[in-house]
Amino acid sequence: QVQLVESGGGLVQAGGSLRLSCAASGRTFSDLALGWFRQAPGKEREFVAAIAGSGSSTAYTDSVKGRFTISRDNAKNTVYLQMNSLKPEDTAVYYCAAARVGLAYRGRYYTHKYDYHYWGQGTQVTVSS
């Protein structure tokens with residue numbers, strides 16, 4: 001029902017910035033709550049950031065607060081993750097995820113991977129020291 005395609009990953013030096021994009025198709029974009037997760041080698045996939053279907057509320061894991069910003073552009077059916085002041089420990093494959101949201105739940109965001117119904121293929125972010 002929903003296809004998600006990430007882009008924008010790459011190699012960057014510590015302290016640098018990247019902006020990840022995730023384009024969605026197959027469902028009305030405003031009906032989706034969206035999130036970003038990441039997975040480093042040998043580790044579990046972990047929550048990074050989330051945004052409600054309405055775009056009015058967001059959440060971040062503590063380690064990225066003040067550095068990362070999640071946003072969405074409904075006209076472009078795209079969610080973004082702006083990553084500033086990158087650290088080597090941010091190195092991971094980053095995944096975009098979408099959750100089906102009914103009208104009554106447009107103001108909610110979700111922070112657990114099992115809350116999400118659809119996933120992108122991932123994009124590699126590597127931060128060198």
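This is a predicted model: local features need pLDDT of at least 70, side-chain atom pairs count only at pLDDT 80 or more; totals for chains, interfaces and linings use all residues.
Two strands pair if DSSP finds at least two bridges between them, and by that rule S5 and strand S6 (residues 58-60) are antiparallel partners joined by three bridges. Strands here (E, at least two residues) and helices (H or I, at least four) are DSSP runs, numbered from the N terminus. Residues are numbered from 1 along each chain as its sequence is written, and side-chain values use heavy atoms, with hydrogens and water left out.

**Overall build**

- The protein chain has zero helices and 11 strands, so its elements read β-β-β-β-β-β-β-β-β-β-β from the N terminus on.
- Its radius of gyration (taken over C-alpha atoms) is 14 Å, close to the 14 Å from the globule rule for 129 residues, so the chain is as compact as a globular protein of that length; the rule itself is 2.2 Å times the number of residues to the power 0.38.
- Along the principal axes, the C-alpha atoms fill a box of roughly 45 × 30 × 25 Å.
- Of the 129 residues, 44% count as buried, where buried means under 20% relative accessible area, exposed means over 50%, and partly exposed lies in between (1.4 Å probe, protein chains only).
- Contact means heavy atoms within 4.5 Å; among contacts between residues at least 6 apart in sequence, 63% join residues at least 24 apart.

- Six bridges join S7 to strand S8 (residues 78-83), and isoleucine 70 has leucine 81 in S8 as its bridge partner.

**Two hairpins that share S5**

- Strand S4 (residues 32-39) pairs with S5 in the antiparallel sense over five bridges, and glycine 35 stands opposite alanine 50 in S5.
- The S4 and S5 hairpin has six residues between its strands, and glycine 42 in the turn has a positive phi of about 75°.
- Alanine 50 also has a bridge partner in S6, namely alanine 59.
- The hairpin of S5 and S6 has six residues between its strands too, and here glycine 55 in the turn has a positive phi of about 80°.
- Strand S5 (residues 46-51) is mostly covered, with five of its six residues buried.

**The disulfide**

- How many disulfides does a search of the whole structure find? There is one, a disulfide being a pair of cysteine sulfur atoms within 2.5 Å.
- Cysteine 22 and cysteine 96 form the link, with their sulfur atoms 2.2 Å apart.
- The pair connects distant parts of the chain: cysteine 22 lies in strand S3 (residues 18-25) and cysteine 96 in strand S9 (residues 92-100), 74 residues apart.
- The link is left-handed, with -80° about the S-S bond, and both cysteines are buried.

**Nonpolar cores**

- In soluble globular proteins, nonpolar side chains tend to be buried together.
- A nonpolar core is a set of buried Ala, Val, Leu, Ile, Met, Phe, Trp, Tyr and Cys residues joined through side-chain atoms within 4.5 Å.
- The largest one has 29 residues, and Trp36, Leu81, Met83 and Tyr94 have the most contacts inside it.
- S3, S4, S5, S7, S8, S9 and strand S11 (123-128) each give two or more residues to this core.
- A second, separate core of 10 residues includes Phe47, Ala59, Ala99 and Tyr110.
- Leaving out residues up to four places away in sequence, tyrosine 94 touches a list of residues including Trp36, Leu81, Met83 and Val125.

**Spots to look at in the viewer**

- Glutamine 1, in the segment before strand S1 (3-7), is exposed, with a relative accessible area of 61%.
- The C-alpha atoms of glutamine 1 and glycine 26 are separated by 5.3 Å, though these residues are 25 apart along the chain.
- Beyond its neighbours within four places in sequence, glutamine 1 is in contact with Ser25, Gly26, Arg27, Arg100 and Tyr118.
- Asparagine 77, in the loop between S7 and S8, has a positive phi near 50° without being a glycine, and is partly exposed at 29% relative accessibility.
- Serine 85, in the loop between S8 and S9, is another non-glycine residue with a positive phi near 50°, and is partly exposed at 40% relative accessibility.
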